Amino acid sequence: MTSSHTTERTTRLILPVLVARVLRAIADRSKGSEIGYVICPRTNIAIKTESGNEHNTVLYCYLDRAIERVMVQSARIFFKNAAGERTHHTLDVRAKRFDGHIHGLLVKPDSKAVDSDLRTFTRMLAAVTPKKVADDLNYVTERDMPEHEIRNAAATLSCRREPRTEVDSLLAGIAPSIIGDVTIAELCAVLGGGRIAFRPIMRAIFYGTLECVTDGLIDSTSVVRFSGTVMPDLDAAGPIKVHDMNRVDGTPPQPAKQKPGFKHASYRES
């Protein structure tokens with residue numbers, strides 16, 4: 001990612017939210033289902049999720065600033081089962097990075113992951129996954145996503161979608177003058193108070209201008225420091241045109257610290 005110094009004010013309009021279509025119908029309140037939406041800050045599309053774990057996985061993926069776009073239920077992977085019959089698995093989540101690399105994620109409750117030997121299934125599925133679907137596969141359970149990071153991700157997404165203010169430009173201008181570690185409360189005081197400064201600070205942490213050096217939920221007591229570079233606002237240009245990323249298996253066109261840091265091995269096509 002190319003660094004850039006800027007003090008210009010950037011703004012974004014609040015645009016209508018579109019709803020992404022999926023390949024597999026969302027189950028009607030099946031056991032464990034929890035219908036929800038995550039708004040993509042890059043496309044302004046509402047990503048419909050079918051479970052709490054899937055919802056949190058999408059949030060967690062967006063906590064990685066290398067991720068451009070996340071899709072759910074958007075690709076089928078065909079394989080032969082133990083009986084030799086041709087079947088398929090609909091990939092739960094696909095996360096596309098800005099460099100074009102696509103992570104494929106299988107999302108399951110931890111109890112089901114153990115019972116179904118999800119590690120073995122993921123390895124098998126990786127061997128038959130086309131590169132156009134995903135460059136690597138991994139599996140995710142709730143144990144991989146700490147609650148405080150999910151809350152940080154949700155707050156960050158909200159901040160990314162709102163219009164920018166003069167405080168964003170002011171923060172970009174003074175960031176290089178920050179010496180050592182400061183609390184967010186102290187930085188807010190310099191920028192006019194927490195009511196107007198906290199959310200621009202959250203954006204600066206996400207884009208990489210500031211580094212949060214304390215673990216846990218980001219709040220006024222969290223400690224930050226200047227990263228050494230004023231990083232660009234990845235969302236300043238507004239929603240991008242949606243490319244037809246979902247057409248990866250002959251299906252109809254779809255409308256318009258590194259995270260996710262899951263601790264399992266990634267499985268790649270040989």
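The predicted model contains an open sheet of 4 strands in the order 4-7-8-9, with mixed pairing; strands are DSSP runs of E of at least two residues, helices are runs of H or I of at least four residues, and both are numbered from the N terminus. Two strands are taken to pair if DSSP finds at least two bridges between them. Strand 4 (67–72) and strand 9 (136–140) form the edges, each with a single partner strand, so one side of each is left without a neighbour in the sheet. On average, neighbouring strands of this sheet are turned by 25° against each other, direction ignored. Strand 8 (residues 102–107) pairs with strand 9 in the parallel sense over 5 bridges, and V107 stands opposite V140 in strand 9.

Because the model is predicted, local features need pLDDT of at least 70 and side-chain atom pairs count only at pLDDT 80 or more, whereas totals for chains, interfaces and linings use all residues. Residues are numbered from 1 along each chain as its sequence is written, and side-chain values use heavy atoms, with hydrogens and water left out.

Two helices were examined against this sheet. Helix 1 (residues 52–62) lies across strand 4, strand 7 (93–97), strand 8 and strand 9, and runs at about 165° to strand 4. Helix 3 lies across strand 8 and strand 9, running at about 160° to strand 9. Axes here are lines fitted to C-alpha atoms, for helices over the stretch in contact, and angles run from 0 to 180 degrees between N-to-C directions; contact means heavy atoms within 4.5 Å.

A search of the whole structure finds 2 aromatic pairs, defined for rings of Phe, Tyr and Trp (its six-membered ring) whose centres lie within 6.5 Å, with planes under 30 degrees apart counted as stacked, over 60 as edge-to-face and the rest as tilted. F79 and F121 form an edge-to-face pair, at 5.9 Å centre to centre and 75° between the planes. F79 belongs to strand 5 (residues 76–80) and F121 to helix 3 (residues 118–127), so the pair ties together parts that are 42 residues apart in sequence. F79 is buried, with a relative accessible area of 12%, while F121 is partly exposed at 24%; buried denotes under 20% relative accessible area, exposed over 50% and partly exposed in between (1.4 Å probe, protein chains only). F206 and Y207 form an edge-to-face pair at 5.3 Å centre to centre, with 70° between the planes, and both F206 and Y207 are buried.

In helix 4, N152, A155, T156, S158, C159 and R160 meet R199, M202, R203, F206 and Y207 in helix 7.

Backbone geometry was also considered. Most residues other than glycine have a negative phi. N44, although not a glycine, has a positive phi of about 65°; N44 lies in the loop between strand 2 (33–39) and strand 3 (45–51) and is buried, with a relative accessible area of 6%. Q73 likewise has a positive phi, of about 50°, and is found in the loop between strand 4 and strand 5. Q73 is buried at 0% relative accessibility.
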